[in-house]
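Try each task before reading its solution.

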Amino acid sequence: CQILLTALSQRPRYADGMFLLPATIPGRAKSGRKHSNGFTLIELLVVISITTILMCAAAPTMSQIAVRSKRDTESAQLAMALQRARSEAIRRNEIIGLCPRGDGLNCASGSIWNEGWVLFMDINHSRGFDPEDRTIAVDNEPAKGMDIRSTRAGALFFYPDGRSAGSNTTLTLCPRDKSVASQAIVLNNGGRVRSENYIHREGCA
């Protein structure tokens, strides 16, 4: 938009009320031939103005598409992490935890998952992340441009039979661009994961 608006402020070359293409500027035409091709200044300004308006109107839409794409990617990666935690619990016949990452490789005790996650084996069955527990994987990539909130604080646990203890848990992805709707990942007691698209910004208040 800025480039087109700058173009509008530049003084065009014209003669006799006609905007001249490079080939029609006096002194550049071949001798003995006259060129009358060109646009009037008003016609050119109208075309540039309409193009500028259309491009500026489309800019917010393109921005929203980018934010939605980022939200969907974050949602898919988090859902895969939950599914992996369940698979590890079944495969290892152990209790596996997935928690929001805090400082370094430690778990955060809150309900905000913005800084990534830690996947670990709860060896002593303390329902927490202790020094003797074994770390399986870590996602240390912070979520960019959005907040991820859980309805349950701390780690989520999976048992060898695939169940997830406690009540259903919802992790909501809230883009900081408030014109873009939120998206949720729902974990039920059976350990199953599903995503849910919201029309508005549910869960982001």
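**Exercise 1.** Find how many disulfides this predicted model holds, and which cysteines they join.

Solution. The structure holds 2 disulfides. One joins cysteine 99 to cysteine 107, S to S 1.8 Å. The other joins cysteine 174 to cysteine 204, S to S 2.0 Å.

**Exercise 2.** Work out the handedness of the disulfide of cysteine 99 and cysteine 107, then decide whether each cysteine is buried or exposed or partly exposed.

Solution. Start with the torsion about the S-S bond. It is about -70°, so this disulfide is left-handed. Next, take accessibility; buried means under 20%. Cysteine 99 is at 0% and therefore counts as buried. Cysteine 107 is at 23%, so it counts as partly exposed.

**Exercise 3.** Explain why strand 9 is largely enclosed, and find which strands pair with it.

Solution. Count buried residues: 7 of the 7 in strand 9 are buried, so the rest of the structure largely encloses it. Thr169, Leu171, Leu173 and Pro175 point one way, while Thr170, Thr172 and Cys174 point the other way. Now the partners. Strand 7 (residues 146-150) pairs antiparallel with strand 9 over 5 bridges. There, isoleucine 148 is bridged to leucine 173 of strand 9. Strand 10 (residues 183-187) also runs antiparallel to strand 9, joined by 5 bridges. Threonine 169 has leucine 187 in strand 10 as its bridge partner.

Note on methods
Residues numbered from 1 in each chain as written. Predicted model: local features only at pLDDT ≥ 70, side-chain atom pairs only at ≥ 80, totals over all residues. Heavy atoms only, no water. Disulfide = S-S within 2.5 Å. Buried < 20%, exposed > 50% of the residue type's maximum accessible area, 1.4 Å probe, protein only. Helix = DSSP H or I, 4+ residues; strand = E, 2+ residues; numbered from the N terminus. Pairing = 2+ DSSP bridges.
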